[in-house]
Each structure stands twice: as C-alpha cells, then as structure tokens.
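Hi everyone, thanks for making time this morning. I'd like to walk you through a structure I've been looking at, so let me put it up on the screen.

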Amino acid sequence: MGKGGEKGEEEGGCEKMLTHYTWEEIQKHNSKTDKWLVIDRKVYNVTNWALKHPGGIRVISHFAGEDATDAFQAFHPDLTFVRKFMKPLLIGELAPGEPSQDRQKKAQSGWLQHDFGHLSVFRSSKWNHLLHKFLIGHMKGASGNWWNHRHFQHHAKPNIFNKDPDVNMLKVFVLGDTQPVEFGKRKIKFLPYNYQHEYFFLIGPPLLIPVYFYIQIMMTMITRRDWVDLAWATTYYIRYFNTYVPFYGFFGSILFVIFVRFIESHWFVWVTQMNHIPMTIDDEKHKDWLTMQLDSTCNIEQSSFNDWFSGHLNFQIEHHLFPTMPRHNYYKIAPLVKSLCNKHGLNYQVKPLLQAFKDIIGSLKKSGDLWLDAYLNK
C-alpha cells in the first residue's frame, strides 16, 4: 500500500497483483485533465431527482386541514355538515380537476415526517428539521431526536447487531443465522424461540408502537432532558384530549389512541420489516458500504398498490443508497441501480409483496430452528 503506483506480479509472472494507492497520492492527480488514473465507469446524474419533494406543501396543507376539522367537529352541533363539507373543503378533497397522482401523494401524509427526517422536502436543512419536529411531535406525540438517533444508525449499519437498533430484539426474538446458534449454545431461553414465528403475531405487530416505542420515546425524552421534543409531544396530547374527550371521555380517549396505535403498529411492522428481516443479519463484518447495504436490503415489486401501501419505500435499496432523495423518485433511478449491480455481480433482490410477508415468517422460523438445534446440542 502506498507504493506510488508500482506494479507487481505474482510469482510465475502470470497474474498482476492488485494495485493500491494512498489518498494523498490520488489527491496529487485530482484534476479533470490528469490521465494518471483512468477508471472504466459510467456516471449517472441523479441530481434532478434529488432536488425537491413533489408534494411537501400539499401534504402539509392536508395535515392542517385534517387537524382543524377534527377540533371543529368535536364542538360543532351539525356533524353531517362538518363531515360532508368542512372536512373535504379544508383538506382539498373537493378541489376540481385534481389529478389522481396528487390525490395519491396526499394519501401518503403519514410518511411525510420520514421525508423531513431525511431532509428530502426542502432545500434548507433548517426547514426540514423544524417541520420534522412539528410533524412527529405535534402530529404524532413522538420525538424527532429519538427518531433521528435510531433511524440514522439503521441507515449507517443496517442489520448489524449492536449497531442497528432495529435488530435489537431485547431477547424476544433471535434473528439471522449466527445469533440463534450463539443463544442456543449459551442456553439462553428468554422465550421458546422455536415458536417465535407463531408468537410474532401476538407480540410483534400488535405491541411495537403502542407499548415498546411509546415507553422508549418517553424514557428517552426524560432521561436525556430533551425538553424541546417533550414540549412538542405535549402539544399533541393537549390537542388530542381537547378533541376527543367530548366524544369518549378521558379514559375512553386513552383507549381510543391505544387502539389507533395498535392498528398503525400492524401496518408499520409489516411494511418496515419485509425489506430487512429476511436478509443477512449478523455481527460487523466490515464490508464495503455498497455491499453492506445490498446484503441487508431488498425491494418489493412496483405496483400502484405497493407504492401506496409502502409509501414508495418498496424501493428500499434505492432509499438506502440515496437517503436524501424524495421517495417518489426512487422508481426513476431503480433501473440504473439494478443495471449497475448486475454489471458488477452485486445482489439486487426484488420480490412480490406477499412473498415478502411470507419471508418474514419463514426467516423467524429458520432462526428459531437454528436456536433449538444449538440448544439441544444437535
């Protein structure tokens, strides 16, 4: 390493050894006219697809209209008037001549905080951060800093134990091929992992958001003294209880928000885990960045329903390679990414939606069986 471009041959003079250059050596030749280092490559310009979110302002308007009509509906005597006219008017559903594609973008409002968190809506990072705080705090009662801390680690080291918090299962599940064997050999049996593909339906999708995430978010804001995020989250609960207590009472409103998060949790778990759980999950192997992302991520086939259902994150490979690109543009670069992977023999996996769901359960069953074999010393 650092031999200034010297070439060597293996003993026998048959094959050339791989040449290494230091960063300092490369920098000496960093000019457009320098022919010292020629790389056979094709450059893809994706700049125009990474500039602006195609529907940020419209989705924010949808949020504002939805929020206003919820509060208005709680106190207005004529609920039919609100449901039929005020709500559609304020959220833009009665806008004449509106293309169907714009309607679909508005339906994706639940994904907008994710867009702001990835700085993919506005050119200004300041505005992205501010709107992210507003949406995840005031609209969802969560913490922007908590989300950033978890999600950025996931993108940096996806599916790597002790680095990606999304695969930290707190000994409730065992994942991949190595962790189950390690747990089995050490006789770790927090739960009967050979049945985890069955109890997943009972404690996975139903409890992630309303129990685990809720507790973790509150504990994180309090222990880290994140008073700004706590204030944002408090405004959510003030608004929520002022809106729904007249309908359901205080305890009824608590049960209602738990029920809503119970439903949301099912959708969230299936959408987010279908791209990662069936893929390679292991300890740090120090792979190059591109290989690491491709080994831990897969795509789901494109269709109108799949795009809507997953918020365009069925293009999860492209999302991990271009995390600041607006998600609505991933389908445009997917053919380029796929061709590049095929050219260099890299894994680019795409599967149907139902197969992806099935693979989550299959992966859990496989890991559970590996644990049982190791636990019984087979």
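Let's begin with two helices, H8, which covers residues 178-185, and H16, which covers residues 353-375. In this predicted model, their axes lie 7 Å apart and the helices pack at an angle of about 30°. An angle under 35 degrees counts as roughly parallel, and H8 and H16 are therefore roughly parallel to each other. As for handedness, the crossing of H8 and H16 is right-handed.

Who makes the contact? From H8 we have Pro180, Val181, Phe183, Gly184 and Lys185, and from H16 we have Ser367, Leu370, Trp371, Ala374 and Tyr375. Sorted by class, the contact of H8 with H16 has 7 nonpolar residues, 2 polar ones and 1 charged one.

Now over to another pair, H6 and H11. H6 spans 125-139, and H11 spans 227-273. Here the axes are 6 Å apart, and the packing angle is about 45°. H6 and H11 are therefore oblique to each other. On the H6 side, the residues in contact are Lys133, Phe134, Gly137, His138 and Met139. They meet Asp229, Trp232, Ala233, Thr235, Tyr236 and Arg239 in H11. By class, the contact of H6 with H11 has 5 nonpolar, 3 polar and 3 charged residues.

Let me zoom out for a moment. How many helices and strands does the protein have? The count is 16 helices and 2 strands. Of its 378 residues, 42% count as buried. The accessible surface of the protein comes to about 21500 Å², and carbon and sulfur atoms hold 61% of that. If you take the contacts with a separation of 6 or more, residues 24 or more positions apart account for 63% of them.

Asparagine 162 and glutamate 284 are 122 residues apart along the chain, and their C-alpha atoms are 8.6 Å apart in space. Asparagine 162 sits in the loop between H7 and H8. Is asparagine 162 buried or exposed? Its relative accessibility is 81%, so asparagine 162 counts as exposed.

For a contrasting case, look at arginine 150, in helix H7, residues 144-156. Arginine 150 has 12% relative accessibility, so this residue counts as buried. And which residues is arginine 150 in contact with, leaving aside its neighbours within four places in sequence? They are Pro165, Asp166, Tyr212, Phe213 and Gln216.

Last stop, for those of you who enjoy backbone angles. Leucine 119 has a phi near 60°, a positive value in a residue other than glycine. You'll find leucine 119 in the loop between helix H5, residues 112-117, and helix H6. With 29% relative accessibility, leucine 119 counts as partly exposed.

Arginine 225 also has a positive phi, near 55°, and is likewise a residue other than glycine. The place to look for arginine 225 is the loop between helix H10, residues 208-223, and helix H11. At 63% relative accessibility, arginine 225 counts as exposed.

Methods. Residues numbered from 1 in each chain as written. Predicted model: local features only at pLDDT ≥ 70, side-chain atom pairs only at ≥ 80, totals over all residues. Heavy atoms only, no water. Axes fitted to C-alpha atoms, helices over the stretch in contact; angles between N-to-C directions. Helix = DSSP H or I, 4+ residues; strand = E, 2+ residues; numbered from the N terminus. Parallel < 35°, antiparallel > 145°, perpendicular 65-115°, else oblique. Left-handed = near helix turned anticlockwise from the far one by under 90°. Contact = heavy atoms within 4.5 Å. Nonpolar A, V, L, I, M, F, W, Y, C, P; charged D, E, K, R; others polar. Buried < 20%, exposed > 50% of the residue type's maximum accessible area, 1.4 Å probe, protein only. Areas by Shrake-Rupley, 256 points an atom, 1.4 Å probe, with all protein chains shown as cover.
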